[in-house]
Amino acid sequence: MPYNILMIASTSFFSDYGNHVRILEEIRALQRRGHRIVLVTYHNGDDIPGITTYRSWDVPWIKRAVVGSSRHKLYLDIGLGWRALRTALRMRPDIIHAHTHEAAAIGLPLQRLLRRPLILDYQGSMTSEMLDHGFIRRSNPLFIPLTRLERMLNRAADVVITSTHNAANLLRRDGSVPEVFTIADGVDTERFRPFDGSPEWTAQRAELRAQLGIPLDRRIVVYIGLLAPYQGTNLLLDVARQMCQVYPDLHFLIMGHPDPQSYRNLAASLGIADHVTLPGRIIYRDLHSYLALGEVAVAPKMSLTEGNGKIGNYMAMGLPVVAFDTPVNREILGPYGFYARLGNAADFAAQLELALTNRELAAERAAGARARAVAELSWERAAIAIEAIYAAVIARHQEAAADDEEEA
């Protein structure tokens, strides 16, 4: 049966990066299966046609997307909580689906008030993200209380959904979750597909390359994602410096936000400004066209707890993928990636060189990754699995309610 689903996203949805893509595609896939979704989110971000969205009260001094840990979230989440409460009382949802721990903290009182199941869509450890962003240090007096809060939220959710088995295993070992399921990040393999050499697509690629100002004789390495040290952006520019010294025909197309200008300045300081293009935010609906410019794709993210959704898009495009050797990346790519030692720029450059020079090996791994994406990374499969989780947890709540009535 169709469900009324209240989704809470403590972020500036929609802002064209990984977590937002997961939220968007989950909603679309669940809508295709007949479910009604209402999304509550921060005041800023793009409205997506076809998605009912309610936003928290306006904060005029914050216009750009709030990415990662931020002190501004303290009051943004208060406004989001008020909006979620009003929306929940009006719609009386069957399920409360929270994206991130902050959203789960907002959903927790609604779970108790309305007696509805709370699903935590786990995007990674809240405290690990704070450490990754440099928001706190382990020596900070708040670190232990925040860790305890995170574990409490994990336990309070009826079900935790992770994007990787690695995250699920970490949660099970921690012992702080009642029930955990893995729903991998998906990809639209019809839109994200290998360059087919057709005249139309060839012309589009040439036009896009010209718009970006990338010379025709350059081989392009592509990246899409947030720009931040823990995402590996600084390290990637160091890799670009090393590689361009040996291969002057290389060009790095590093797409994403926030603050691309600071990375343009860094590229200039490294002497590689004419080999790096940082166009800023790329609209998600156009992303496949930009990725099609690439000969190799890179994923230098260094977090050990978060997912890495961009890799699915790379795989579907039929691009060789260079990434760090982490459990998350191994889980997504399997044997089809070019893996470097975690945090080692020289080894990352060596793996990138291998992907660029050994054409036969690169084509073999790219084809295997594409086949894996088609077989395993469908958003429709993800929606069916989420729907089954909803059904099971609702049935459990109904049984518990019936038992309470009998006892009364």
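One caution before the pair: the model is predicted.

Helix α2 covers residues 73-91 and helix α3 covers residues 101-114. Their axes come within 10 Å and cross at roughly 30 degrees. That angle is under 35 degrees, so α2 and α3 are roughly parallel to each other. The crossing of this pair is right-handed.

Which residues in α2 and α3 meet? On the α2 side they are Lys-73, Asp-77, Leu-80, Gly-81, Ala-84, Leu-85, Ala-88 and Leu-89. On the α3 side they are Glu-102, Ile-106, Leu-110, Leu-113 and Leu-114. Sorted by class, the contact of α2 with α3 has nine nonpolar residues, one polar and three charged.

Between these two helices the chain passes through strand β4, residues 95-99, with a loop on either side. Each of the two loops holds a residue to look at. As background, most residues other than glycine have a negative phi. In the loop between α2 and β4 sits Arg-92, whose phi is positive, near 50 degrees. In the loop between β4 and α3 sits Thr-100, which is not a glycine either and has a positive phi of about 90 degrees.

Are these residues buried or partly exposed? Arg-92 has a relative accessible area of 46%, so Arg-92 is partly exposed. Thr-100 has a relative accessible area of 14%, and is therefore buried.

Next, helix α8, residues 233-246.

Take α9 to begin with, residues 260-269. Helices α8 and α9 pack at an angle of about 30 degrees, and their axes are 10 Å apart. By the cut-off I opened with, α8 and α9 are therefore roughly parallel to each other. Their crossing is right-handed. Thr-233, Asn-234 and Leu-237 in α8 meet Tyr-263, Leu-266 and Ala-267 in α9. That contact has four nonpolar residues, two polar ones and no charged ones.

Now α13, residues 345-357. Its axis and that of α8 come within 9 Å, and they cross at roughly 60 degrees.

By class that gives nine nonpolar residues, one polar and two charged.

Leaving out its neighbours up to four places away in sequence, Met-302 touches Pro-229, Tyr-230, Gly-232, Leu-235, Phe-324, Leu-342 and Gly-343. Phe-324 is 22 residues from Met-302 along the chain, and their C-alpha atoms are separated by 7.2 Å. Met-302 has a relative accessible area of 27%, so this residue is partly exposed.

With a relative accessible area of 5%, His-35 is buried. What does its side chain reach? The side chain of His-35 reaches the backbone nitrogen of Tyr-3, at 2.9 Å. Again leaving out residues up to four places away in sequence, His-35 touches Met-1, Pro-2, Tyr-3, Ile-5, Leu-30 and Glu-387.

Last, the backbone again. Most peptide bonds are trans. Where are the cis bonds I want to point out? One runs from Phe-13 to Phe-14, with omega near 5 degrees. Phe-14 is in the loop between β1, residues 4-9, and α1. Another runs from His-257 to Pro-258, also with omega near 5 degrees. Pro-258 is in the loop between β9, residues 250-255, and α9. That brings us back to α9, the helix that packs with α8 at about 30 degrees.

Key. Residues are numbered from 1 along each chain as its sequence is written. This is a predicted model: local features need pLDDT of at least 70, side-chain atom pairs count only at pLDDT 80 or more; totals for chains, interfaces and linings use all residues. Side-chain values use heavy atoms; hydrogens and water are left out. Axes are lines fitted to C-alpha atoms, for helices over the stretch in contact, and angles run from 0 to 180 degrees between N-to-C directions. Helices (H or I, at least four residues) and strands (E, at least two) are DSSP runs, numbered from the N terminus. Ala, Val, Leu, Ile, Met, Phe, Trp, Tyr, Cys and Pro count as nonpolar, Asp, Glu, Lys and Arg as charged, and the others, Gly among them, as polar. Buried means under 20% relative accessible area, exposed over 50%, partly exposed in between (1.4 Å probe, protein chains only). A polar contact is a pair of N or O atoms within 3.5 Å; within protein, one must be able to donate a hydrogen and the other to accept it, and residues adjacent in sequence count only if both atoms are side-chain atoms. Contact means heavy atoms within 4.5 Å. Angles under 35 degrees count as roughly parallel, over 145 as roughly antiparallel, 65 to 115 as roughly perpendicular and the rest as oblique. A crossing is left-handed if the near helix is turned anticlockwise from the far one by less than a right angle, and right-handed if clockwise.
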